[in-house]
Structures are given as structure tokens and as C-alpha cells.
Amino acid sequence: MAEELKRPGGELATRPLHFIWVVDCSGSMMGEKIGTVNHAIQSTIPEMVSAAKNNPNAQLLVRTLKFSTGATWVTTSPVPVDDFAWDDLQAGGVTDLGKAFELLAAQLTIPPMSDRALPPVLVLLSDGQPTDDYKKPLDDLKHLPWGKKAVKIAISIGQDADDGVLKEFTGNSELVLQANNPQALVKMIKWASTAASAVSAPASRSIEERPQGAAFAPDASDPSASLSGTAGDASAGTGIGGFAAGTAATGSAAAPSSTASGANYPAATSQGPLVIDLDSIPEINENDVW
Amino acid sequence: MITETFGESVIGASHVRAGTICQDSHKIVQRGNATVFAVADGHGSAAAEFSNDGSGLAVDVFCTLMEGFIERYQLDTHMTTSPALVTYLNREGQTKVARTITEEWRALVLKTHMDLHREIITNDNGDVDDAAILKKYGTTLLGMLVANDFFFAFQLGDGDIMRVDENGIEPIIQADKLLGVETHSMSKIDGGTRSAGKAYAWESSFTKFMRINRQEGLPYAYFLTTDGFANSYASEEDFHKALLAYYAVLNQHGIRVLSENLAKWLSETSADGCGDDVTMVVCYNS
């Protein structure tokens with residue numbers, strides 16, 4: 001009869017997945033814009049919790065960085081999504097985006113970041129033009145190992161936002177999501193949080209699958225390329241590395257799916273992993289613009 | 001000294017949830033005084049849809065090539081290795097041997113792809129696109145040939161080759177560690193030289209040749225693990241502690257008890273750790 005022994009080797013650990021909201025709180029965000037941001041992010045937390053539960057092998061850690069005149073971490077350390085609470089942000093001041101990039105870079109350095117983490121997700125929301133020198137801090141951020149590998153999404157709020165700057169941040173114009181009215185902003189925040197907050201299955205990919213210097217940009221030659229897909233996660237859309245919500249029982253390919261609210265979210269997949277499906281970015285109504 | 005080798009590959013917890021198969025492979029060949037063992041981790045990404053086959057072919061290729069050395073230089077029966085082989089592995093291990101491993105894998109993958117009548121991918125000129133086919137089989141490969149008086153180790157991609165004894169733990173090969181879920185791959189396109197902007201797969205590999213003195217009589221073990229094992233621990237230090245604990249089990253209970261429990265332990269490791277497939281091969285010298 002086989003001799004049964006307890007597993008040697010001490011405590012096991014899931015892989016951390018850092019999700020960071022980077023929110024413009026400058027004076028131009030005052031009023032409905034910051035109010036919508038507060039409401040939308042608050043309301044999306046349960047969906048992030050649900051998405052995280054579908055992959056118990058990663059730990060989703062959330063925090064918020066705000067910038068206006070200077071930049072500050074609202075949550076000083078990463079918080080497990082189950083414990084994350086949104087503190088309403090107030091708007092006022094200028095747009096020191098460069099300061100925000102400096103703080104981000106400090107946190108994406110190893111340490112404090114673990115070299116065993118999954119690629120972090122950075123979601124930047126802004127409605128204006130930087131008032132400080134953002135270029136060097138952004139360059140520093142993007143040259144960090146985790147800065148290169150981070151999944152970077154920007155939400156461009158209103159018509160005065162500098163999409164060029166946001167594109168510099170994401171490295172990909174398709175990941176600059178347009179939100180020209182409150183409804184669109186809510187949709188985009190929900191999409192970004194849902195698409196990017198679900199944790200990925202830890203399948204590997206060859207370094208060859210991602211062109212150097214184009215971290216997570218869509219690979220036109222490989223529409224199903226994903227950061228960490230499994231054998232069955234081919235996407236109908238243009239895949240970028242990353243994560244998608246996982247709530248369904250079947251492992252279907254990620255594809256747009258309509259919801260009651262009219263927003264399209266990435267199709268849920270129990271395969272864990274995941275592709276951010278650009279085709280699933282919500283349609284927005286261009287009327288009623290800010 | 002007695003050499004005993006055992007290994008297991010288990011499907012990852014996340015792959016169980018997804019209904020996919022295990023993409024890890026391992027193989028062990030014992031021939032008299034010589035042992036060959038290898039592990040491979042198929043990428044499992046959407047672009048590498050046949051990576052379970054790729055990993056299986058990789059361990060086959062490594063073991064077959066090393067068996068060639070065993071036969072030619074009678075490593076299974078000889079206690080002392082031919083100086084010619086020592087010189088060859090020392091001088092050519094990182095170049096000719098590494099290159100042969102990757103090129104044999106490449107040839108075997110392409111043959112397998114054709115034999116199985118899988119989709120032939122062509123480029124814009126209508127020619128068969130070997131690189132695109134190879135990409136579908138992407139995998140890592142780690143392997144060792146352990147003879148009476150030397151070992152030769154090979155690593156391409158992530159994973160760990162470690163030596164453990166009563167004095168502690170040390171890596172046999174200190175390979176590149178890539179962040180996130182990326183790895184170097186056997187499927188890297190053979191398109192030219194690194195200086196020309198392209199690289200051969202073997203150029204991303206690491207090898208090591210080392211003499212062994214078994215006369216010291218102290219037990220030790222080699223551990224080959226795919227990255228699912230190390231990634232299930234919070235730090236490199238915890239990973240090392242885990243292998244030291246496995247080694248303690250070997251010393252206390254022997255390899256039979258380890259072999260009876262290893263699959264269960266590795267499944268638990270994946271479930272409570274990173275969720276990836278996990279493979280471990282242990283070569284215990286006691």
C-alpha cells in the first residue's frame with residue numbers, strides 16, 4: 001500500500017496581478033466628469049470581484065493613483081479586490097501627468113513588484129493636456145521591465161483630451177477609448193475594468209509572439225495572439241495580451257456579447273485567459289458630447 | 001552509488017477548469033551507468049495550438065540524441081568517459097550540440113505536422129511557411145545526461161535545473177528569466193544570425209558540462225522542474241526551500257515514497273499555486 005505523506009515545501013502562492021486606476025483629477029474634471037468616474041468605478045467593483053473569483057490562481061490587487069497639481073496614491077499599497085473600496089475623488093488643480101508616471105514607475109520597479117507577478121494592468125483616465133513635462137517620466141516608465149509588459153489602456157474623456165499623449169502611454173491607438181459623454185464614460189470604465197481585471201491563466205507564450213517594442217499592440221498577423229492564452233482561447237477579434245472576464249461555464253472564444261445596458265463586454269470564458277478583444281469595446285453615442 | 005530517477009507531469013488547475021490538456025512532457029531513459037532525463041513545457045497559447053505535441057517531441061529528441069552519446073562512447077558500462085567526448089562536450093556543447101538539439105526538434109516537428117496531415121501554412125510566395133508551423137508547437141526544453149563521471153545539461157526557455165545536497169541548493173544553469181508569461185522557445189525562427197537581426201533557437205539556450213566525483217559518496221539529487229513549480233511559490237527563496245524539503249523526503253523515505261506521492265503533491269501545488277501544468281523529474285544519487 002502506498003505510503004501517503006503530506007506535501008513537502010511550505011506555503012504555496014498564487015501569482016499577483018496588479019490593477020491600477022490612474023485618474024486625472026484636474027480642475028477640468030470638476031462636476032459631472034469626476035462624478036461619473038466615481039460612480040462608474042464604484043459600481044464596477046463587484047464585477048471585478050466576480051471576474052477574479054473565476055481564476056483562483058491569481059490574486060487581483062487594486063489601487064488608485066490620482067493626479068492634478070502633483071500626484072498621490074489614494075491607496076498606498078495594493079489591496080485585494082475583495083477588500084477594495086473606492087473613495088470618491090475631488091477635482092481641482094492642473095494636470096501633472098508626468099508626476100503620475102513617476103509614481104507609477106516607482107511602483108513598477110522590482111522590488112516592490114515581484115518578478116513572479118502577472119503583467120500589471122494600468123488604466124489611465126484623462127480629459128486634458130499635461131501641464132508638466134511627462135515625456136521623460138513616461139519614457140522611464142516604459143523602459144522598466146514591468147512598464148514594457150504592462151497592459152496599458154487609456155480612456156479619453158471629452159473632446160479636449162490629448163489623445164496623442166494617451167496613445168504614447170498605451171502604445172496603441174486602439175487602446176485609447178473615447179468617452180465623449182457620461183454614458184460612454186461609464187461603458188468604457190466598465191469595459192476596461194471587466195476586460196482587464198479578470199485574471200489570466202498562466203500559459204506561456206514564446207517571446208517571439210510579441211514584437212519587441214510593441215508591448216501588447218495588436219498583432220495583425222496573428223489575430224488570436226494573446227498574452228497568456230491556452231490552446232482554446234483563439235479570439236475572433238484582434239487579440240492583445242491580457243485578460244478577460246471569466247464567468248461562463250464553457251470555454252468559448254472571446255467575442256462581443258450584448259448586455260442589457262447595451263454595452264458590449266468581452267465574452268466570458270472559463271479558460272481563464274485571455275484576450276482583450278478590441279471588437280468588444282462598447283459602441284458609443286457621439287451625440288450629447290462634453 | 002545508486003542512481004534512481006522519477007518524474008511526473010500533472011495538468012494545471014487552470015487547464016482543468018478550462019477543459020484543456022496538459023502541455024508539459026517529461027521523459028527518462030536509464031541505460032546502465034548513464035541516465036538521460038528531460039522536461040518540456042508547451043506554451044499553450046493560442047498561437048501554439050499543438051504545443052503538447054511540441055513538448056513531447058522535444059523530450060524525445062533530447063533523450064534520443066543523448067542516447068547516441070551513450071551508445072557511441074559506452075557510457076552505460078564505462079566508469080570513465082572517453083577524453084574525446086569530454087573535449088567535445090566542453091568545446092561544442094553550447095554550439096554544435098545545442099544547435100543539433102533544436103534542429104532535430106525542428107525537423108521532427110515538421111515531419112510530424114506533415115504526417116498528421118495538419119494544415120499546411122504557406123507564405124505570400126506559396127511556399128511552406130516552416131516558421132509558422134513551428135510556432136504552433138512552441139515549447140521549452142530542459143534536459144540532462146548524467147554519466148558516471150560527468151553531466152551535461154541543456155536549457156532553452158523557462159524552468160529550473162537544480163542540484164541539492166546536504167550542503168544546500170544551487171542552480172545547474174542560471175538561465176534568462178523573462179517576466180510575466182513569456183519564455184524563450186524551441187520554435188524561435190531560424191532565420192539568420194543574431195547580428196543580422198534574427199536569431200537561431202539554440203542561441204537562446206544554455207548548456208553546462210561538469211565532472212562528477214562520485215567517490216565522495218554523499219547523496220545528492222538533480223531536480224528538473226517546469227516553471228509551474230517555481231511560480232507556485234512567492235519567491236525564489238521559498239522555491240529553494242521547497243526543493244530542499246523534497247530532498248529531505250528523498251533522504252528520509254527514498255524515491256519509492258516520493259514516486260507514490262509526487263503526482264498528488266504537484267497537483268496540489270498547481271491548485272494552490274499558479275494554476276499552470278507542473279512537471280518535476282528527480283534524479284537521486286544515494
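This note goes through some local features of a predicted model, point by point.

1. Aromatic pairs. Over all chains, a search of the whole structure finds 14 aromatic pairs. One of them is formed by Phe151(B) and Tyr222(B): the ring centres are 5.5 Å apart and the planes stand at 70°, so the pair is edge-to-face. Phe151(B) belongs to strand β5 (residues 150–156) of chain B and Tyr222(B) to strand β10 (residues 220–225) of chain B, so the pair ties together parts that are 71 residues apart in sequence. Phe151(B) counts as buried because its relative accessibility is 2%. Tyr222(B) counts as buried too, at 1% relative accessibility.

2. Charges over rings. In chain A, Arg63(A) lies over the face of Trp73(A), at 5.1 Å from the ring centre. In chain B, Arg118(B) lies over the face of Phe50(B), and here the distance from the ring centre is 3.8 Å.

3. A hairpin in chain B. Strand β6 (residues 160–165) and strand β7 (residues 168–171) of chain B run antiparallel and are joined by 4 bridges. The hairpin that connects β6(B) to β7(B) passes through 2 residues. Which residue in β7(B) stands opposite Met162(B)? The residue is Pro171(B).

4. Cis peptide bonds in chain A. The bond from Ile110(A) to Pro111(A) is cis, with omega near -20°. A cis peptide bond also joins Pro111(A) and Pro112(A), where omega is about 15°. Pro111(A) is found in the loop between α2 (97–108) and β5 (121–126) of chain A, and Pro112(A) is in the loop between α2 and β5 of chain A as well.

5. Positive phi values in chain B. Gln74(B) is not a glycine, yet its phi is positive, at about 50°. This residue, Gln74(B), is in the loop between α2 (51–72) and α3 of chain B. Gln74(B) is partly exposed, with a relative accessible area of 41%. His117(B), likewise a residue other than glycine, has a positive phi near 55°. The loop that holds His117(B) runs between α3 and α4 (130–135) of chain B. Is His117(B) buried or exposed? His117(B) counts as exposed because its relative accessibility is 72%.

6. A salt bridge in chain A. The whole structure has 19 salt bridges over all chains. In one of them, Glu168(A) is paired with Lys135(A), and the closest N and O atoms are 3.1 Å apart. Glu168(A) is in helix α5 (residues 163–170) of chain A and Lys135(A) in helix α3 (residues 135–143) of chain A, so the pair links distant parts of the chain, 33 residues apart. Glu168(A) counts as partly exposed at 30% relative accessibility, and Lys135(A) counts as partly exposed at 47%.

7. Salt bridges in chain B. The side chains of Arg106(B) and Asp130(B) meet in a salt bridge, at 3.9 Å from N to O. Arg106(B) is in helix α3 and Asp130(B) in helix α4 of chain B, so the pair ties together parts that are 24 residues apart in sequence. A salt bridge also joins Asp149(B) and Arg211(B), at 3.2 Å from N to O. Asp149(B) lies in the loop between β4 (141–146) and β5 of chain B and Arg211(B) in strand β9 (residues 206–211) of chain B, so parts 62 residues apart in sequence are tied together. Asp149(B) is buried, with a relative accessible area of 10%, whereas Arg211(B) counts as partly exposed at 46% relative accessibility. Elsewhere in chain B, Arg31(B), Glu67(B) and Glu71(B) are joined into one network by salt bridges that share partners.

8. A nonpolar patch. Met114(B), Ile120(B) and Val128(B) make a nonpolar surface patch of about 210 Å². Met114(B) is located in helix α3 (residues 83–115) of chain B. Its relative accessible area is 33%, so Met114(B) is partly exposed.

Methods
Residues numbered from 1 in each chain as written. Chains lettered and ligands numbered in written order. Predicted model: local features only at pLDDT ≥ 70, side-chain atom pairs only at ≥ 80, totals over all residues. Heavy atoms only, no water. Patch = residues over 30% accessible without salt bridge, like charges linked within 9 Å, V, L, I, M, F, W, Y side chains within 5 Å. Areas by Shrake-Rupley, 256 points an atom, 1.4 Å probe, with all protein chains shown as cover. Salt bridge = Lys/Arg side-chain N within 4 Å of Asp/Glu carboxyl O. Buried < 20%, exposed > 50% of the residue type's maximum accessible area, 1.4 Å probe, protein only. Phe/Tyr/Trp six-rings, centres within 6.5 Å; stacked < 30°, edge-to-face > 60°. Lys NZ or Arg CZ within 6 Å of the ring centre and 35° of its normal. Pairing = 2+ DSSP bridges.
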